[in-house]
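Biologist: Please put the model on the screen, and then we can go through it piece by piece.

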Amino acid sequence: MATAAIFSSMRRRRSPSVEAFLAPVDLSEVALVQTLVAISSELVSCFSDKVFFFQRRNSRCLIRKIEVLVVLLEYVKDSESGSMSKLPSTAILCFKELYLLLYRSKILLDYCAQSSKLWLLLQNPSISSHFHDLNQEISTLLDVFPLNDLELSDDVREQVELLQKQARNPKLYVDESDEGLRVKLFSFLDDFGNGRIPNHGDLRLFFVERLWIRDSISFRHEIEFLEEQIVNHEGDIEPTACVLNGFVAIVRYCRFLLFGFEEDEVLFLSWDQKKPRKGLIAREIADTFLTVPKDFCCPISLELMRDPVIVSTGQTYDRSSITRWIEEGHCTCPKTGQMLDHTRLVPNRALRNLIVQWCTAHGVPYDPPETRDASAESFAAACPIKAAVEANRATATLLIKQLADGSQGAQTIASREIRLLTKTGKENRAFIAGAGAIPHLRKLLSSSSPIAQENSVTAMLNLSIHDKNKRLIIDEDGCLTSIVEVLKLGLTTEARENAAATLFSLSAVHDFKKRVADQEGAIEALVGLLRVGTSRGKKDA
């Protein structure tokens, strides 16, 4: 159970928690001591030579304590006096408590070793408190440990007694230099929030010289880690998701400002681009030619709902679809057009149970969502603060310049980043279109690079979600023709599907329906996609 909890914690990057563990009640005295020796020795082996970028002193102090405990445990384990079968009950209780403390130590050290630099910096006070809590509990354990009841050598006893003395009354230690960096990071957020773009030299000094983030891919990893925290913590996070989005926007801006558009990253994009697509349930159903009851399908995605929720108008949608709808800035119910009184989402458990029963009866795989606690039942959108908006504006300016003047590799990277920026937030969509991105994206629609073409047509799709951008796209000379060409001859399946989705988005304006239909080959291409496309492609067609 403990091991599984460790991997779960590291996968989701949540703060370490004692609640994940239970004491090993079913272990014999011999097995318990052997297990403790193995765990503590592994900790020392893995982390004694590890150089931690943050929490250096706290980590080193904890590892030194574990090193002394290894000496004690190995002596007890190897003792020839038969003390293993005569351990006092208080010693056994202490060893069981030590089992928990060692596993918590492992999680905390793993957390510090594997988390991103910016995340550790933002969490610096919290993580320091975790170390302090562990030190206090180790101190208490050593105080009650029946040292005099064990037959130990003088050398071992002396080391443990010294540890007992040193561990008493531990004090919270927060590294002042690390805190200074954290304050500086927040000052950048304040600058952007007040409409001031920080000096290029200050940004380079902080990110490159102080944090040692020294290439474009390292910046990318930092961004992805912060975004992962926003998703995984489901609104229960400090700093808030709004603030974290501000930092993500600032780091993205610094990435391109400081390192430009390194063409060697295109190689990274070429394999990173393709990830498993969601909607596997719908494809399974399509393959078996089952007709899904209409009430079981989300009105937005038209796919079988995994996590049906009710909005304020009483309509039911799949959580992921309606969440994305609200994140995109919509304030109305997609089905009825009524204004939403609030964004709280109420689980429709009755409908979900019916869906599960139907899937079971028809042999359809059903992948239920992870269990949510009560605090996660309401939608906590990552709101755009002014700092994020201003940083994204600054980034968009750099990206559009590369679309216009950059090399083929730089244009590919720029199109991908514009695709990501336009994925959420009406502010981003409005500014990027207004800044002149559409003509440059239109040129990339005919690119010989599958990645560039797919990113540009998807960015065009994202831009079209904002109503005012629809006319900009339609009125751009040759843009509609280029979208239809991607629909007919696109270099990837996703490019062709997103071209169909773009036409669908544009045709939401009544006057544009005829212009779409009048495009040579458009209807034929849509019919072809309807015949042979994927489930998603058929839906868009």
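Modeller: One definition first: by relative accessible area, with a 1.4 Å probe and protein chains only, a residue is buried under 20%, exposed over 50% and partly exposed in between. This is a predicted model, where local features need pLDDT of at least 70 and side-chain atom pairs count only at pLDDT 80 or more, while totals for chains, interfaces and linings use all residues. Residues are numbered from 1 along each chain as its sequence is written, and side-chain values use heavy atoms, with hydrogens and water left out.

Biologist: OK, so is L302 buried or exposed?

Modeller: L302 is exposed, because its relative accessible area is 51%. L302 sits in the loop between α13 (280-288) and β1 (308-310), and its phi is near 65°, a positive value in a residue other than glycine. For the element names, helices (H or I, at least four residues) and strands (E, at least two) are DSSP runs, numbered from the N terminus.

Biologist: Which other residue than glycine has phi near 50°?

Modeller: That is N169, again with a positive value, and it belongs to the loop between α7 (154-167) and α8 (176-193). N169 counts as exposed because its relative accessibility is 68%.

Biologist: Stepping back, how many helices and strands does the chain have?

Modeller: The chain has 26 helices and 3 strands, and of its 541 residues 50% count as buried. The accessible surface of the chain comes to about 26,100 Å², with 52% of that belonging to carbon and sulfur atoms; such areas come from the Shrake-Rupley method with a 1.4 Å probe, and for residues only the protein chains shown count as cover.

Biologist: And what share of the contacts is between residues 24 or more positions apart?

Modeller: Such pairs account for 73% of the contacts in the chain with a separation of 6 or more, where contact means heavy atoms within 4.5 Å.

Biologist: Let's look at helix packing; how do the axes of α4 and α6 cross?

Modeller: The axes of α4 (residues 89-114) and α6 (residues 124-144) come within 11 Å and cross at roughly 160°. Therefore α4 is roughly antiparallel to α6. Here axes are lines fitted to C-alpha atoms, for helices over the stretch in contact, and angles run from 0 to 180 degrees between N-to-C directions. Angles under 35 degrees count as roughly parallel, over 145 as roughly antiparallel, 65 to 115 as roughly perpendicular and the rest as oblique.

Biologist: What is the handedness of the α4 and α6 crossing, and which residues make the contact?

Modeller: The crossing of α4 and α6 is left-handed. The contact residues include L98, L101 and L108 of α4, together with F131, L134 and L141 of α6. By class, the α4 and α6 contact divides into 13 nonpolar, 2 polar and 4 charged residues. Left-handed is the term if the near helix is turned anticlockwise from the far one by less than a right angle, and right-handed if clockwise. As for the classes, Ala, Val, Leu, Ile, Met, Phe, Trp, Tyr, Cys and Pro count as nonpolar, Asp, Glu, Lys and Arg as charged, and the others, Gly among them, as polar.

Biologist: At what angle do α11 and α16 pack?

Modeller: Helix α11 (residues 241-259) and helix α16 (residues 386-405) pack at an angle of about 25°, with their axes 8 Å apart. So α11 runs roughly parallel to α16, and α11 passes α16 in a left-handed crossing. Among the residues that meet there are G246, A249 and Y253 in α11 and A391, T395 and L398 in α16. This contact holds 10 nonpolar, 4 polar and 1 charged residues.

Biologist: Which elements do the buried residues of α22 pack against?

Modeller: They pack against α19, α20, α21, α23 (493-506), α24 (510-517) and α25 (522-532). The buried residues in α22 (residues 479-489) are C479, L480, S482, I483, V484, V486 and L487.

Biologist: Last one, where is H466, and which residues does H466 touch?

Modeller: H466 is in the loop between α20 (450-464) and α21 (467-475). Not counting residues up to four places away in sequence, H466 touches K426, R429 and A430. From H466 to H330 it is 136 residues in sequence and 9.8 Å in space, C-alpha to C-alpha.
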